[in-house]
Amino acid sequence: MKHFLLAAVAAVSLAAPVSAATVVTADRLLDVKTGRYIDNPAIVIGDNGRVQQIGNLASMQLPAGIKHIDLPGQTLVPGLIDMHVHMNSLAEIGGYEGLKYTDSFWAAIGPFNARKDIDAGFTTVRNVGSGDFDDVGLKQAIDGGWIVGPRIVPATYLLGATGGHCDDTNGLPPSLGADKTAPGIVSSPEQAREKVRWVRKYGAEVIKICATGGVFSLGDSVGAQQLSLEEMKAIADEAHMLGMKVAAHAHGDEGIHDAILAGIDTIEHASLASDATIQLAKQHGTWFDMDIYNDDYILATGTANGTEQQSLDKERMIGLKQRQTFQRAVRAGVKMIFGTDAGVYPHGDNGKQFAKMVQWGMTPLQAIQAATLNASEALGRNDVGVIEPGRYGDMVAVRGDPLRDVTTLEHVDAVIKGGVLVKGPGATQ
């Protein structure tokens, strides 16, 4: 089926000057804004990595010598966006097992995870928490061309309460440093504002807070609120003044409720949100970012990777409830984005969540939009998430029809980032 705007788009695009580096062709292209396919597309990407034209190869006049990436039999989808990853974490190492590794190990595994994620079709990720500003360094290495990986939106240190989910000294005795204040700990609205400025100074592009307890934080209740409304509002106000978005880890209903009232942009997990809180999120236009796949991996792995039994007990308590909350939120019309918590399960399996989102109430198009159009909007970016002129030439190629079978996105045949083929026949990176 041909997009009814294709002719108009091509006519407008062809009138513009061309400084083209690459043309990408395939059997069809999914327009995620309308849910319609464009047959036999030709996408011209300039030497700045951005799309210049979209048209039909038979009717387009292309510059001599342009590089041609031809993907016959393939469907093109915008480069996918995972809004909740931990690039410096490994699912294979849990609990106290992580203490066996030196601090620099966690920075060293970043490139491994980056390659896994981009090969899975995720050309942009939002990294919601890294120690030692490791995610900033990884972003700089990728942007500089030394490492192959997705575009990274780094949060650096998580901001939260003493003894809470963001306190990385939990589970340690005072003799091993648990009496020292972790870098992201805040204890007042004023200190919260200062921490926002501090992480931004060293490279954070998004702020991540811990509004409630968590599954993998030892000694706290998964749903208990840990930051006050006043602290969360101070963080949101400061971040927004600086042009930054804020993500809140929040499982419990009260913490989710107050995070929405505080002006937080995205709620991560949102496991135990009540119907009233779901309606509040819809009213405020707050995004829900719900990692409803990884429950399968966590429970199947058990304690084999070092995960503590108390963490497994928490996961058993909230896993099904989170999926039921997701279903209710979708039905209510809450704005949804795609986030997997990669690092809690192995990087590279990000695409497995699409099927869970469809199983629990989304259409395949809604699930794809959550990882493309919606994610770019939630990031506040107009350069990723859609294949259209002006945005980066980020796209993935799959065989089959993802609108009929969303599991095709679990097996990506080719990945293009900024007009460069990074996976597929003839890949140069």
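**Note on the predicted model: aromatic cluster, sheets and cores**

1. Ring pairs link Phe133, Tyr157, Trp198 and Tyr202 into a cluster, where rings of Phe, Tyr and Trp (its six-membered ring) are taken to pair if their centres lie within 6.5 Å, with planes under 30 degrees apart counted as stacked, over 60 as edge-to-face and the rest as tilted. The structure is a predicted model, in which local features need pLDDT of at least 70 and side-chain atom pairs count only at pLDDT 80 or more, while totals for chains, interfaces and linings use all residues. Residues are numbered from 1 along each chain as its sequence is written, and side-chain values use heavy atoms, with hydrogens and water left out.

2. The structure holds 11 aromatic pairs.

3. Tyrosine 293 lies in the loop between β12 (287–289) and α9 (294–301), and tyrosine 345 in the loop between β13 and α11 (353–359), so the pair ties together parts that are 52 residues apart in sequence; helices (H or I, at least four residues) and strands (E, at least two) are DSSP runs, numbered from the N terminus. Both tyrosine 293 and tyrosine 345 are buried.

4. An open sheet is formed by 5 strands in the order β9-β10-β11-β12-β13, with parallel pairing, and two strands are said to pair if DSSP finds at least two bridges between them. Because β9 (206–210) and β13 (335–337) stand at the edges with a single partner strand each, one side of each is left without a neighbour in the sheet. Within the sheet, β10 (residues 245–250) and β11 (residues 266–269) pair over 4 bridges, and alanine 248 stands opposite isoleucine 267 in β11.

5. The largest nonpolar core has 80 residues, and those with the most contacts inside it are Ile207, Ile209, Ile267 and Phe288; such a core is a set of buried Ala, Val, Leu, Ile, Met, Phe, Trp, Tyr and Cys residues joined through side-chain atoms within 4.5 Å. Apart from this core lies another, of 17 residues, among them Leu29, Ile43, Val51 and Ile416.

6. Ile416 also belongs to strand β15 (residues 414–417), from which Ala414 and Ile416 point one way and Val415 and Lys417 the other, all of them buried. Strand β15 pairs in the antiparallel sense with β14 over 3 bridges, and valine 396 stands opposite valine 415 in β15. On pairing with β16 (residues 420–423), β15 is again antiparallel over 3 bridges; the two form a hairpin with 2 residues between them, and glycine 418 in the turn has a positive phi of about 60°.

How values were computed
Buried means under 20% relative accessible area, exposed over 50%, partly exposed in between (1.4 Å probe, protein chains only).
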